[in-house]
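Welcome! Please keep the sequence and the 3D view open as you read.

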Amino acid sequence: MNSIKMSRRTALSLPFGLAAMHGARAADTPRRGGTMVMIVHPEPSTLAHYAVSAGNIPPIATQIYEGLVTYDWDLNPQPNLAKSWQIAPDGKTITFKLQENVTFHNGKPFTSADVQFSFMEVLKKYHPTAPVILSEVYAVETPDPLTAVLRLNNPAPYIMKALAGRDLPIVCKAVFEGTDILNNPTANKPIGTGPFKFGQWDRGQAIRLDRNPNYWKPGLPYLDRIVARFIPDAATRSAAMETGEAHFAAYSAVNYADLARMKKNPILGETSKGYEMTPAISVLELNSKHPHLDKKEVRQAIAYAIDRKFIVDNVMYGYGVPATGPLSRKFAKAGFYTTDVRKFDVPDRLDIANKLLDSAGAPRGEGGVRFGLHLEVNSFGEQWLRQAEYLKQALAQIGIDVTLRSEDTATWLRRVYTNYDYDINEPFLSQGVDPVIGLNRQYLSSQIRKGVTFVNDSFYSNPEVDNLLLSAMREPDHDKRAAMYVKVQQILTEDCPLVWLVDVEYVSIYNKKLHDHTTGPLGTQQAFERTWMEA
């Protein structure tokens with residue numbers, strides 16, 4: 001096995017003895033071979049993609065695990081592990097015909113039994129979003145090895161929008177059956193059907209993925225391997241891209257502050273494509289178990305205290321727009337998004353915030369401080385630390401003394417989603433392509449799930465919101481459904497279980513010698529099977 005040990009004193013040295021590539025002439029047709037080095041930040045705590053949904057896992061895991069379908073640029077499902085499907089007229093049965101001669105990386109054949117086991121025994125039980133996506137699925141039948149039939153209690157058209165490996169990865173039944181799913185030894189040595197196989201993980205340095213020579217799609221993939229590098233320092237990450245030592249950095253792994261300079265680099269390109277199915281909002285999650293945060297007036301005051309445009313301009317460097325509520329404005333075209341909600345970005349917002357805190361029984365004390373809170377700093381990049389530093393200043397204006405706490409990713413996630421030992425948390429939340437995916441997991445009472453990341457950890461529970469969200473899932477009439485989501489947004493902005501900050505715009509930076517790296521609306525969260533590099 002190739003070693004991927006690298007000297008920590010030479011942060012820019014490439015693993016596997018790769019050299020920077022310069023000066024090759026442009027090529028028009030795919031070339032076989034080569035190693036793509038992509039920057040993933042921060043280093044994942046696990047590759048258990050079927051149980052954890054942190055955004056730094058799919059760029060690696062979706063090279064290994066596949067889904068039943070993939071998607072074209074119009075967000076229409078396209079064949080993948082399923083070669084065709086048929087939806088019954090009543091919407092309660094979806095029949096998938098599966099690809100033939102597909103094998104897992106351990107040599108086991110892929111069959112409908114793997115689909116059944118993945119959906120019913122793994123994803124519905126352990127995945128953060130799958131219990132919402134598959135909530136109407138009560139059975140997966142397997143009439144033959146190449147046919148999987150989903151049986152639903154009610155129509156759920158949004159399922160067809162979430163069947164890629166990013167949301168519903170197919171695992172090997174033979175590997176997981178009869179084991180403790182969450183402690184399966186393949187969690188960090190994953191086995192899938194994808195174009196790349198797990199090679200090696202040198203903690204703190206890199207993960208190597210090797211070409212799957214038995215991949216079921218003829219002639220693919222083109223690359224020999226992919227190396228995911230973990231570089232804690234922002235300046236070093238940028239330098240790796242600028243010198244050609246790394247070839248791809250997505251999900252704003254490169255600091256926003258460096259993008260203007262990178263645009264001038266002749267070997268680099270930039271794209272905001274590949275995020276069409278993953279609109280995201282940066283938020284503050286508020287732990288309503290806190291003796292102050294259990295009051296709506298306090299939560300609203302925090303929302304009023306924050307200048308969202310300042311964050312967009314000075315933290316995100318213009319890559320984003322101020323959020324107005326719990327749903328991304330990217331849902332406006334579908335008629336689900338509304339601006340008819342409580343407005344927090346108003347000229348007298350600080351006066352409003354102070355009056356709300358006074359009315360909540362939180363008077364100013366010594367030094368003008370009302371009370372103190374801890375803010376858990378998002379570990380996914382320097383921009384989140386910069387945002388946290390601003391939030392500390394903003395909340396000080398209304399008498400809230402904020403203490404910042406920065407920890408490694410695993411500790412941060414465990415503190416917030418397992419131990420609930422936090423006051424304010426600053427994640428960014430992907431909303432998927434249907435409101436069901438983003439809203440339900442965050443605001444349904446049933447999604448208060450201890451130990452599961454990026455679900456309802458604010459302990460928000462409102463029977464009216466529960467009823468509206470569950471009804472909207474099943475409502476076939478588009479206009480009625482849209483009206484329900486408008487009402488949900490209005491209620492949530494009043495209750496303020498979270499504070500919504502920015503509709504995030506992600507950016508991918510790539511070396512121009514790397515081709516076909518962004519071939520669909522899931523971007524880096526889908527397989528690089530067609531990606532190739534110039535010599």
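Predicted model: local features only at pLDDT ≥ 70, side-chain atom pairs only at ≥ 80, totals over all residues.

Residues are numbered from 1 along each chain as its sequence is written, and side-chain values use heavy atoms, with hydrogens and water left out. The protein averages a pLDDT of 94, where pLDDT is the predictor's confidence in each residue, from 0 to 100.

**Confidence**

- Of the residues, 95% have a pLDDT of at least 70.
- Residues 1-26 have a pLDDT below 50. Beyond near neighbours in sequence, this stretch has 65 contacts in the model, a contact being heavy atoms within 4.5 Å.

**Sheets and strands**

- Helices (H or I, at least four residues) and strands (E, at least two) are DSSP runs, numbered from the N terminus. Two strands pair if DSSP finds at least two bridges between them.
- Strands of a sheet pair through backbone hydrogen bonds, either parallel or antiparallel.
- Seven strands make up an open sheet with mixed pairing, in the order 8-9-10-1-11-20-12. Its edge strands are strand 8 (196-202) and strand 12 (268-271), each of which pairs on one side only.
- Six bridges connect strand 8 with strand 9 (residues 206-211) in the antiparallel sense. Here Asp202 stands opposite Ala206 in strand 9.
- Strand 6 (residues 137-144) and strand 7 (residues 147-152) run antiparallel and are joined by five bridges. They form a hairpin with two residues between them, and Val140 stands opposite Leu150 in strand 7.

**The nonpolar core**

- A nonpolar core is a set of buried Ala, Val, Leu, Ile, Met, Phe, Trp, Tyr and Cys residues joined through side-chain atoms within 4.5 Å. Buried means under 20% relative accessible area, exposed over 50%, and partly exposed in between (1.4 Å probe, protein chains only).
- The largest nonpolar core has 175 residues. Tyr50, Leu68, Phe119, Leu163 and Ile302 have the most contacts inside it.
- Which residues does Leu163 touch, leaving aside its neighbours within four places in sequence? They are Gly67, Leu68, Val69, Tyr71, Phe96, Phe119 and Leu168.

**Salt bridges**

- The structure holds 25 salt bridges, each a side-chain nitrogen of Lys or Arg within 4 Å of a carboxyl oxygen of Asp or Glu.
- Lys173 and Glu177 form one, with an N to O distance of 3.9 Å. Lys173 is partly exposed at 24% relative accessibility, and Glu177 is partly exposed at 48%.
- Arg261 and Glu242 form another, with their closest N and O atoms 2.7 Å apart. This pair links distant parts of the chain, 19 residues apart: Arg261 is in helix 6 (residues 259-262) and Glu242 in helix 5 (residues 234-242). Arg261 is partly exposed, at 42% relative accessibility.
- The side chains of Asp358 and Arg370 also meet in a salt bridge, at 2.7 Å from N to O. Asp358 lies in helix 9 (residues 349-359), while Arg370 lies in the loop between helix 9 and strand 15 (371-376), so the pair links distant parts of the chain, 12 residues apart.
- Are these two partners buried or exposed, fully or partly? Asp358 is partly exposed because its relative accessible area is 48%, whereas Arg370 counts as buried because its relative accessibility is 11%.
- A network of salt bridges links Glu376, Arg405, Glu407, Arg415 and Asp421.

**Backbone details in the loops**

- The peptide bond from His41 to Pro42 is cis, with omega near -10°. Pro42 lies in the loop between strand 1 (35-39) and helix 1 (58-61).
- Leu220 and Pro221 are also joined by a cis peptide bond, with omega about -5°. Pro221 sits in the loop between strand 9 and strand 10 (225-229).
- Tyr251 is not a glycine, yet has a positive phi of about 50°. Tyr251 is in the loop between strand 11 (248-249) and helix 6, and is buried at 16% relative accessibility.
- Phe459, not a glycine either, has a positive phi of about 65°. Phe459 belongs to the loop between helix 12 (435-443) and helix 13 (463-474), and is buried with a relative accessible area of 19%.
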